Amino acid sequence: MKAIINSDSLVLLDSNHRSVKEFLPELKLKITSCKDDSPFEFVVLEAMLMEMFSSLDDRLAELGQAAEDVLHRLLDPQLFSVDRGELHILLQHSKSLSEFHSIVKDIEATLTDVLDSEEDMADMYLTHFADTGEYRDEEDIEDINNILEAYLMQAENMMSEVQTLRDSIDQSESIILINLDSQRNVMMRLSLQLEMGVFSATISGLIGMAFGMNLDSSLEENPYAFWVTTGCMMMLCGLLWKRLLSILFSSLTRSPPPRRLTPPTSSRSRGR
Amino acid sequence: MKAIINSDSLVLLDSNHRSVKEFLPELKLKITSCKDDSPFEFVVLEAMLMEMFSSLDDRLAELGQAAEDVLHRLLDPQLFSVDRGELHILLQHSKSLSEFHSIVKDIEATLTDVLDSEEDMADMYLTHFADTGEYRDEEDIEDINNILEAYLMQAENMMSEVQTLRDSIDQSESIILINLDSQRNVMMRLSLQLEMGVFSATISGLIGMAFGMNLDSSLEENPYAFWVTTGCMMMLCGLLWKRLLSILFSSLTRSPPPRRLTPPTSSRSRGR
Amino acid sequence: MKAIINSDSLVLLDSNHRSVKEFLPELKLKITSCKDDSPFEFVVLEAMLMEMFSSLDDRLAELGQAAEDVLHRLLDPQLFSVDRGELHILLQHSKSLSEFHSIVKDIEATLTDVLDSEEDMADMYLTHFADTGEYRDEEDIEDINNILEAYLMQAENMMSEVQTLRDSIDQSESIILINLDSQRNVMMRLSLQLEMGVFSATISGLIGMAFGMNLDSSLEENPYAFWVTTGCMMMLCGLLWKRLLSILFSSLTRSPPPRRLTPPTSSRSRGR
Amino acid sequence: MKAIINSDSLVLLDSNHRSVKEFLPELKLKITSCKDDSPFEFVVLEAMLMEMFSSLDDRLAELGQAAEDVLHRLLDPQLFSVDRGELHILLQHSKSLSEFHSIVKDIEATLTDVLDSEEDMADMYLTHFADTGEYRDEEDIEDINNILEAYLMQAENMMSEVQTLRDSIDQSESIILINLDSQRNVMMRLSLQLEMGVFSATISGLIGMAFGMNLDSSLEENPYAFWVTTGCMMMLCGLLWKRLLSILFSSLTRSPPPRRLTPPTSSRSRGR
Amino acid sequence: MKAIINSDSLVLLDSNHRSVKEFLPELKLKITSCKDDSPFEFVVLEAMLMEMFSSLDDRLAELGQAAEDVLHRLLDPQLFSVDRGELHILLQHSKSLSEFHSIVKDIEATLTDVLDSEEDMADMYLTHFADTGEYRDEEDIEDINNILEAYLMQAENMMSEVQTLRDSIDQSESIILINLDSQRNVMMRLSLQLEMGVFSATISGLIGMAFGMNLDSSLEENPYAFWVTTGCMMMLCGLLWKRLLSILFSSLTRSPPPRRLTPPTSSRSRGR
């Protein structure tokens, strides 16, 4: 929304834009309803700033809500993987946020620039200039100063909200990564336990396979051989597995508990 | 907690809020007990700042304690995966911290703003204005300056504590990731060792399987064939496995020790 | 593009460079066509700044477009791995961006330096000096100030665009990592389900292997034994697999839903 | 270490603290030995600052050494996983560093504050005030300025050393992660090669299993059938494995070499 | 390199250091060859600054080249894992860079400090002081100001080059991580495809195993049973594998294409 404000007229650029059209009746109402002694240009400026900030506020609330929703779905503890569609949406939100961030930063910089230059602010007293033919004294610019400072503060609040949101997205991404990694570890342990079982069965299966060969082991007619061998095979399989599981358990918890360092509090008190 | 302070009265907004109600008796006590010559508005302001900072302090201590607890549980060396519930709690704490951060930053910014403007501070001498009808001289604002500076310093301390906490959370997250990765490597090595065993058994099992076929190998009646073949099979399996394990070991430690670079100390001394 | 500007002549350094040659006719046109009263040195300076910024703008648009294209291809949801060639291109773009960033930062710093020193700006009124023999008054430097401020603002806009682009690349890289991790979890779950099947088959296969041994189980002639054993084997395999799958499912969703913390809004209202 | 310094006396708070007690004799020595004309309060102040900075220096050197040691052990190229105990120690060091950072930042801020306020520095000439009954002229505060600036510079150096250390820890963590990932890839390739072998053996084992069935294949009496089938089985297994390994190799190096972009140097020369 | 410069003599500290010795003849040459009217102390100061910056430049070029080389080798698209030796070298370079960074930052800070204090710069006119017995007027310090500003600009350029290099290292590390992850996904998919094959063969192998049992299936004499069963087994294996591969394919590309959000351009136009 760009406009040229005179002391008694307002030229709106981009006047065909939808949001500008919607804003016009509201603006008219404000100008006519405003009956105090603030000059025309300030009423218009304030109305336009208010409109701009309210649309920014809406946009931020919308973005924040959308981002929170996506993060909530992505962090759902029932999921073991992440929906790629949701990730894309999160990326889009995150991009919109960084565009939003740069817009608000622009506005903040512009407001700060104007507030820093007392000359620029004095030049904004258009009605005063039209009435008296002189520029406003640079000492006497309380009104415009107050208007701009109020909106500068709003811009700063917005910036800090955007920052909080971006931090929240970053944090959530870390948590998602840790979560996926942790899930992977859970699966890997299960997988390892199964592999141990397969290993045990395969190794002990070699016995069965040996006796399955059409070669003469001279035990063929022994009535106990079948049961003894089968029993050995099963027992070997079971014992091997149990042993392997206990190795896994101990190798995952092998590390000694962390040694306590010299308490940092002592350094604190000495440092002061 | 918002309030309008006059030189002889205090209007509390949100006066129905629980924490405001709790604070009232305390405030009364302070105002009546304070018998030195500082004007009413400063006594109230200081009481309110003190109340605000003490509640912030409590909140920070609580948050810090909670975060430390969660991190301690997450970093427990007995765990090979991470409890998703704990991760969620950590995320919540981390969000609360960044909200807390932005609140304290706000307060800091406001205090700095007021301290930067000698005019604003002079305007705060309400009793002086009520008594003399004149604004305070801008040179003579020691009292309010001291009060605000003390709380600004408190805010800065809080900021740096929050920063330390956030750094600690970030660091812990990195450590957790490394920890999970490392656990995965441990499991992967175990898994690889087992796979090598399965591979060896499967390959040597092919021999047994060949002799298990109902085909004529003309060795069926040979009384030594069974024992020779079984022995070969077992030995092949064992040797293969041993060889594979040594390949694994060498491939994990293959890299040459890092070459020493030109010592950075020389550059340092030349740089000065 | 380096040049020495006098009040009535222009010496271009590097005048053999292609881009400088292309720029010359354009510059001539501008100088001759400019018929207002701005002195020669400002016309040249503005033309050169405009040329420089337009070439920077082109370069930025090109880089931005290229980076967006690569990111779009890298984030294609049909991919389960990442094309290394694309990664290299992304890295190149990211390096070009950071070079571009430091160039624009340089320009920004130079413009700010000149704008901060009113003496330097006054010294730039070469025609004034040539005509009057005196340096320009330091108060009266609106023209050059306006020219430089306009381009400083352009430089700042460029900086914030570059920043937005770099944020976008960083975010996309995080998303790519999460995506790959998530894909890996999906594959790992599939793999685990298969492993469970293999495990079940191997364990129950031990039964078959036992009866395959050429040893006397005294069940050889029993006409039901074959069907009973085969049925047991298959059923064991199926039941084992089903049980394992349900263990997998429960271990992936074991964590309790995250406990709700005390709502952060209360802290907010107390904090104010 | 807190103290109240007067122009002729010194009150030490926390005088029971061990480090304060140790410091006392040293301080006495300094005060008595100092025979030049600097006033009592500066001698004490400088002694206390020196003591504080030397204890900070010791602490920093100790922390830096400890962190370097842990990092060195963690980066040992012979390791394929990371010792959790070491990780914990690294985390502790990293926390101590960030506490140390905030202490030094505090000190830096306080010194800067005092140096910024010429009034505060003038007020520090206690002996001058005691002797003449007047505050020191704010122009004439070279001595205290020099003392404080020297320690401010020390604090800044410390800050930059701490920053370098923290960067080093961050960098090392990245390298450790890459290292673990790379190790995992090495193991994964080995694992994949083995799986290919198991796959080949299992598939070709199906042939042997088919002939192992107690069903009539009418080849039972063929004297060549055993050797032909066994040969086929082994060859199938070998060929299959070889083929799979070449697929693995090509799929890991499939990506085309990265295309060269337009050289960034051209943009550089145009940008200037 | 530390030195005490007088208006007519130069005392070099650390005069035994190799680099200082090498620098001496050069310095002599410069002092004698310099025949313009700039005082002795400035000739020496400029020569020393030039020497220092040229050695820093050399060091930076060397570091940059080395880092680029390592990164180039680490990013070689033919590698599927990362050489640990190279990683160590990268870490060393990265540490050297951050030390270099803090040295240049120190120099920059010192130059800025001196440039900020007009008094310090006036004090540097030693010859002036020696000749006239008076300190230089603080307004008339163009010469020293120009010398220092030129080197400050050099330091700033160096800082931004170092920053670009560090960004490049960070970016490359991210790319390396993504690359390794992506490689792992490629291998995992291959592995999963093989596992599916093994699974199919194992499951269908159960049929063969059942008929391999020495139990009476009453199909022993059926001449077609062998071929039918073998055919079923192979077909089951093939079909199962094909089906599993298609499940894998669909589960990796399951996610719907990302939904388009409301185009961010609208918010942009509204925001302005």
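Does C:Glu62 count as buried or partly exposed, and what is its relative accessibility? C:Glu62 counts as partly exposed, at 43% relative accessibility, where buried means under 20% relative accessible area, exposed over 50% and partly exposed in between (1.4 Å probe, protein chains only).

## About the model

This is a predicted model, in which local features need pLDDT of at least 70 and side-chain atom pairs count only at pLDDT 80 or more, while totals for chains, interfaces and linings use all residues. Residues are numbered from 1 along each chain as its sequence is written, chains are lettered from A and ligands numbered from 1 in the order in which they are written, and side-chain values use heavy atoms, with hydrogens and water left out.

## The fold of chain A

Chain A has eight helices and two strands, taken as DSSP runs numbered from the N terminus (helices are H or I, at least four residues; strands are E, at least two). Reading from the N terminus, the order is β-β-α-α-α-α-α-α-α-α. Of the 272 residues in chain A, 49% are buried. Taking contacts (heavy atoms within 4.5 Å) in chain A between residues at least 6 apart in sequence, 69% join residues at least 24 apart.

An unreviewed UniProt entry lists a "coiled-coil region" at residues 141–168 of chain A. UniProt positions are in the numbering used here, feature names are shortened, and annotations may be inferred rather than shown by experiment. In the model, residues 141–168 of chain A are 96% helix and 0% strand, with the end C-alpha atoms 40 Å apart.

The unreviewed entry also lists "transmembrane region" for residues 192–212 and 224–241 of chain A. Residues 192–212 of chain A are 100% helix and 0% strand, and their end C-alpha atoms lie 29 Å apart. For residues 224–241 of chain A, the values are 94% helix and 0% strand, with 26 Å between the end C-alpha atoms.

## Where chain D meets chain B

In this interface, 61 residues of chain D are in contact with 50 residues of chain B. The size of an interface is often given as the accessible area lost when the parts come together. Between chain D and chain B the buried area (accessible area, 1.4 Å probe, that two parts lose on being put together, summed over both) is about 4,900 Å², with carbon and sulfur atoms giving 66%. D:Arg84, D:Leu194 and D:Phe226 supply 14% of the area that chain D buries against chain B, more than any other three residues.

There are 12 residue pairs in polar contact across the interface of chain D and chain B, both residues being at pLDDT 80 or more. A polar contact is a pair of N or O atoms within 3.5 Å; within protein, one must be able to donate a hydrogen and the other to accept it, and residues adjacent in sequence count only if both atoms are side-chain atoms. On the side of chain D that touches chain B, the elements giving two or more residues are helix H3 (84–116), helix H6 (142–212) and helix H7 (225–252) of chain D. H6(D) gives the most to that side, with 27 residues. The residues of that side divide into 29 nonpolar, 18 polar and 14 charged; Ala, Val, Leu, Ile, Met, Phe, Trp, Tyr, Cys and Pro count as nonpolar, Asp, Glu, Lys and Arg as charged, and the others, Gly among them, as polar.

## Salt bridges between chains

Side chains of opposite charge can pair when their charged atoms come close. The count over all chains is 30 salt bridges, each a side-chain nitrogen of Lys or Arg within 4 Å of a carboxyl oxygen of Asp or Glu. Three salt bridges are counted between chain D and chain B. B:Asp167 pairs with D:Arg166 in a salt bridge, with 2.6 Å between the closest N and O atoms. D:Asp167 and E:Arg166 also meet in a salt bridge (2.6 Å, N to O). This pair joins two chains, because D:Asp167 lies in helix H6 of chain D and E:Arg166 in helix H6 of chain E.

C:Arg184 and E:Asp181 form a salt bridge, their closest N and O atoms being 3.2 Å apart. This pair crosses from helix H6 (residues 142–212) of chain C to helix H6 (residues 142–212) of chain E. C:Arg184 is buried at 3% relative accessibility, and E:Asp181 is buried with a relative accessible area of 4%. Both belong to a network of salt bridges whose members include A:Asp181, A:Arg184, B:Asp181 and D:Arg184.

## Back to C:Glu62

C:Glu62 meets C:Arg59 in a salt bridge (3.5 Å, N to O). The two are about one helical turn apart, because C:Arg59 and C:Glu62 are three residues apart in helix H2 (residues 40–74) of chain C. C:Arg59 is buried, with a relative accessible area of 11%, whereas C:Glu62 is partly exposed.
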